Amino acid sequence: MDSITASALIHDHMDGLTDAERRVARELLADYPAAGLGTSHSLAKLAGVSAPTVVRFATRLGFSGFTDLQHHLRTEISQGGSSPVLRALAHGSAHRHHEPVATAMHRRINAIEATLRLLPRSEIDAAAALIAHCPARVLVTGGFFSVSIARIMALQLSQVRAEVVFLEEPLRRDAGLTLDARKRSVLVIFDLRRYEPAALVVAQQAKAAGHDVVLITDRGMSPVASCADVVLAVEAEAIPFDTFVAVMALVEVVVEMVMTLGGDKSLKRMKQWENHAVSHTRTAGRGGLNPPDAPTTRSTQRRRRTPE
């Protein structure tokens, strides 16, 4: 159990918890891990349950009791938040030979499989429903590295529903896009280790404006969880850099679910996108090839079959 965080265990067991235990879980995740470092009575008071319920919650996760859970949380604190340099040095990866490609690939496959075990289906369903049925604007933003995946998600979502906006600098030049969003908009925010203080500010502003917040984070749990309506935690652990493989897989799954929930409306949107955007896509000309990510139109296909 030492290799898995308490937050991951919580997400793994969430669907099987009682209502009272679920309140304890939500309270702990909302201020993770600080809420679990006090007494069982203090956590019980925050969650509005009894102290024995907190103890039962800990044992439900596989710990011998609340004290054992606290020990696990303190160990996480001492090990978490390390930089890629420190992780590389700790594992000796700076001086070792390259590992086989198959081994490196399997570690990333394992990250996806771990994420599947980590995520409660109810949370994924809730995220997809919020995005698909949002009556206003869907705002998507990310952190220093994850902003690149946020951009991809916004682009994909914009093909299956209207009013999707990518925020590259939500607290600076894109602030107006957030201010113009009507109530009941949805903010999808990526915040992975090492968590950025600005992410919490953006999420808190969104909640104050009456928006729903969907957080995509890693199993260490971003502080944004304290105000998020839905939390999707993925496995991102790798050496020396965290991996985005599971994050990208989750994005593709959520977008696919949003498209399915959108039904005919999403299909109509996709047809409009094809008619509007694909007709202006650069086709064979320079070098005779489309860029790798460009859609292939029928005219392009005919042109490729014609002998030079």
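The entries below go from the whole chain to single residues.

**Ground rules.** I am working with a predicted model, where local features need pLDDT of at least 70 and side-chain atom pairs count only at pLDDT 80 or more, while totals for chains, interfaces and linings use all residues. Residues are numbered from 1 along each chain as its sequence is written, and side-chain values use heavy atoms, with hydrogens and water left out.

**Whole chain.** I looked up the secondary structure and found 13 helices and five strands in the protein chain. Helices (H or I, at least four residues) and strands (E, at least two) are DSSP runs, numbered from the N terminus. Of the 308 residues, 44% count as buried. Buried means under 20% relative accessible area, exposed over 50%, and partly exposed in between, with a 1.4 Å probe and protein chains only. I then turned to contacts, meaning heavy atoms within 4.5 Å. Among contacts with a separation of 6 or more, 68% join residues 24 or more positions apart.

**Cores.** A nonpolar core is a set of buried Ala, Val, Leu, Ile, Met, Phe, Trp, Tyr and Cys residues joined through side-chain atoms within 4.5 Å. Which residues of the largest core touch the most other members? I noted Ile10, Phe57, Leu69, Ile189 and Val213, out of 44 residues. There is a second, separate core of 40 residues, which includes Ile124, Met153, Ile216 and Met248. I also listed the contacts of Val213, leaving aside neighbours within four places in sequence; among them are Leu187, Ile189, Ala203, Val224 and Cys227.

**Leu28.** I found Leu28 in helix α2, residues 19-30. Leu28 counts as buried because its relative accessibility is 0%. Beyond four places in sequence, Leu28 is in contact with Ile10, Pro33, Ala35, Gly36 and Phe57. I checked one of these pairs: Leu28 and Ile10 are 18 residues apart in sequence and 9.3 Å apart in space, C-alpha to C-alpha.

**Two helices.** Two packed helices are described by the angle between their axes and the distance between the axes. I looked up helix α8 (residues 121-132) and helix α12 (residues 245-277), whose axes come within 9 Å and cross at roughly 55°. Axes are lines fitted to C-alpha atoms, for helices over the stretch in contact, and angles run from 0 to 180 degrees between N-to-C directions. The pair α8 and α12 is therefore oblique. Angles under 35 degrees count as roughly parallel, over 145 as roughly antiparallel, 65 to 115 as roughly perpendicular, and the rest as oblique. The contact involves Arg121, Ile124, Asp125, Ala128, Ala129, Ile131 and Ala132 of α8, and Val254, Met257, Val258 and Leu261 of α12.

**Thr178.** I placed Thr178 in helix α10, residues 175-179. Is Thr178 buried or exposed? Thr178 counts as buried, at 18% relative accessibility. Leaving aside neighbours within four places, Thr178 is in contact with Leu139, Leu167, Pro170 and His211.

**Positive phi.** I noted Glu163, which has a positive phi of about 60° although it is not a glycine. Glu163 lies in the loop between α9 (147-157) and β2 (164-167), and Glu163 is partly exposed, with a relative accessible area of 42%. Arg184, also not a glycine, has a positive phi near 70°. I found Arg184 in the loop between α10 and β3 (186-190), where it counts as partly exposed at 45% relative accessibility.
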